[in-house]
Amino acid sequence: MTHDELVEWSRRAAEWALDYHNGLRDRPVRAQVAYGDTAAKLPAVAPDAPEPMAQIFADFEATVPDAITHWQHPRFFAYFPANASPASMLAEQLTSAIAAQAMLWQTSPAATEIEQVMVGWLRAALGLSNHFTGTIHDSATTATLSAVLTMRDRATGWRSVEDGLFGGPRLRIYASAQTHSSVDKAVRVAGIGQANLVKVPTRADYGMDPEALDAAIRADIASGHKPAGVIMCTGGTSIGACDPIAECLIVAKRHDLYTHVDAAWAGSAMICPEFRDLWAGVDGADSVVFNPHKWLGVQFDCAVQFLADPAPQIRSLGLRPEYLQTLGHDEIVNFNEWTVPLGRRFRALKVWFVLRAYGLDGLRQRIRNHVAWADELAKAIAQIEGCKIVTAPVLSLFTFRLGDDAKTEALLERINDDGRVYLTQTRHEGRFAIRVQIGQFDCTRDDVMTVAEVVSQISRNL
């Protein structure tokens, strides 16, 4: 395939994308296939001879669309979304064409400088203090890992950078039980160990209890352990729980601990000033992450980490061998030193396109709509016989159940097999609950209220 042929096939791909998005409401949201069905359609080995693009494209159309759970479906209400607005898709096409490796300023000056400016735009849009700078990762998992690695090395006086964790006291990281499993993964990857992630009890509102946090830290110090950092959440994945950040930061600072706030989903809502009470005090954190790809229409993958001071993270992650030097520029920003991967995509371009194409006001209206529609939907489900709201809406996330665990699980399975909407589950206080999250970029009120219609119809037959 040549660049000349790419022009025609890019047009065909764009036409296919238009038809695909226009037809999503007619498709079941979740893939209706069994494990192994797709693999069985593919040859066991790659072809020796080139194949015509017409055949390749035809095979794509016959194989992929019906075997994909449609994340861009306007009735996808399961996990947090991975939105792809048209402006973002266009930017990704250009990013793919440029195919830059944006590890250093000199390898991609525009990528580095647009990233710096986009971090500034987003900082202002979220109402964060001007002292924050930051970088763009692939996902919040990587940002949280970066923060945990910084906690680890800072707690050892940076000895662990050279010597590892041998011979020192047990390091301890603190988070609430409502924190995302990416925190568990981070402590494992960092060599701290699952057993040293302390899950702090929560208050009645399911936010971390600051007094319990202080008690856990003091107990560890008394036992000869070394507290290293505190991770808080705003909008936890299970039920949207929000830790009292300001109060927890007081405790963390009292013990000189590094702090990270995971606002991967809910952070996008902070472009609306009326929701910022959910992370009151966030300006005092050392690190904050949110994912524009979850609720701002920026194509996956795109996670922004704000840093009060990037120096500690660069001290943990930065390497500058001779072949990565930018000659004549010792202090220039090279974002590979801020992140775990050396290689970096030009992710800032899609942020630039999206913020300009829809404007902050347009994005705010979408988020406000989703929050209002989620509240309306929760009230409608509460009126369905046998249904009970388990956790009230936090922004656009709530949970409900129908009777006991077995009945609730059966309801969820039938809802997802039905195909009109897609929901997922969580376990809250030991019981099975159905989780509903509104945030798909192109959904309408009618799409949202379809959930109540489906629940009502299916629950009558259980």
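In the second largest pocket, β10 gives the largest share of the lining, three residues. The model is predicted. About 650 Å³ of space lies in this second largest pocket, while the largest pocket holds about 800 Å³. Strand β9, residues 397–402, is a separate topic: six of its six residues are buried.

**Second largest pocket**

- The lining of the second largest pocket counts 31 residues, and Phe-80, His-180, Ser-181, Thr-237 and Lys-294 are the closest to the centre.
- Four elements each supply at least two lining residues: α6 (140–155), α8 (181–189), α11 (292–295) and β10 (424–428).
- By class, the lining of the second largest pocket has 17 polar, eleven nonpolar and three charged residues.

**Largest pocket**

- A set of 29 residues lines the largest pocket.
- Nearest its centre lie Ala-13, Trp-16, Ala-17, Met-89 and Gln-299.
- Helix α1 provides the largest share of the lining of the largest pocket, nine residues.
- At least two lining residues come from each of α1 (3–22), α3 (53–63) and α4 (86–98).
- The lining of the largest pocket comprises 21 nonpolar residues, seven polar and one charged.

**Strand β9: burial**

- Buried here means under 20% relative accessible area.
- Since six of the six residues of β9 are buried, the strand is largely enclosed by the rest of the structure.
- Both faces of β9 are covered.
- One side carries Leu-397, Thr-399 and Arg-401, and these are buried.

**Strand β9: pairing**

- β9 pairs with strand β8 (residues 387–394) in the antiparallel sense, over five bridges.
- Within this pair, Val-394 stands opposite Leu-397 of β9.
- β8 and β9 form a hairpin with two residues between the strands.
- In that hairpin, Leu-395 takes a positive phi near 55 degrees.
- β9 also runs antiparallel to strand β11 (residues 431–437), joined to it by four bridges.

Terms used:
Residues are numbered from 1 along each chain as its sequence is written. This is a predicted model: local features need pLDDT of at least 70, side-chain atom pairs count only at pLDDT 80 or more; totals for chains, interfaces and linings use all residues. Side-chain values use heavy atoms; hydrogens and water are left out. On a 1 Å grid over the protein atoms alone, a cavity is a set of points where a 1.4 Å probe fits but cannot get out, and a pocket is an open set with protein on both sides within 12 Å along at least five of seven lines; lining residues have an atom within 4 Å of a point. Grid points are joined across faces, edges and corners, and a volume is the space filled by probe spheres set on the points. Ala, Val, Leu, Ile, Met, Phe, Trp, Tyr, Cys and Pro count as nonpolar, Asp, Glu, Lys and Arg as charged, and the others, Gly among them, as polar. Buried means under 20% relative accessible area, exposed over 50%, partly exposed in between (1.4 Å probe, protein chains only). Two strands pair if DSSP finds at least two bridges between them.
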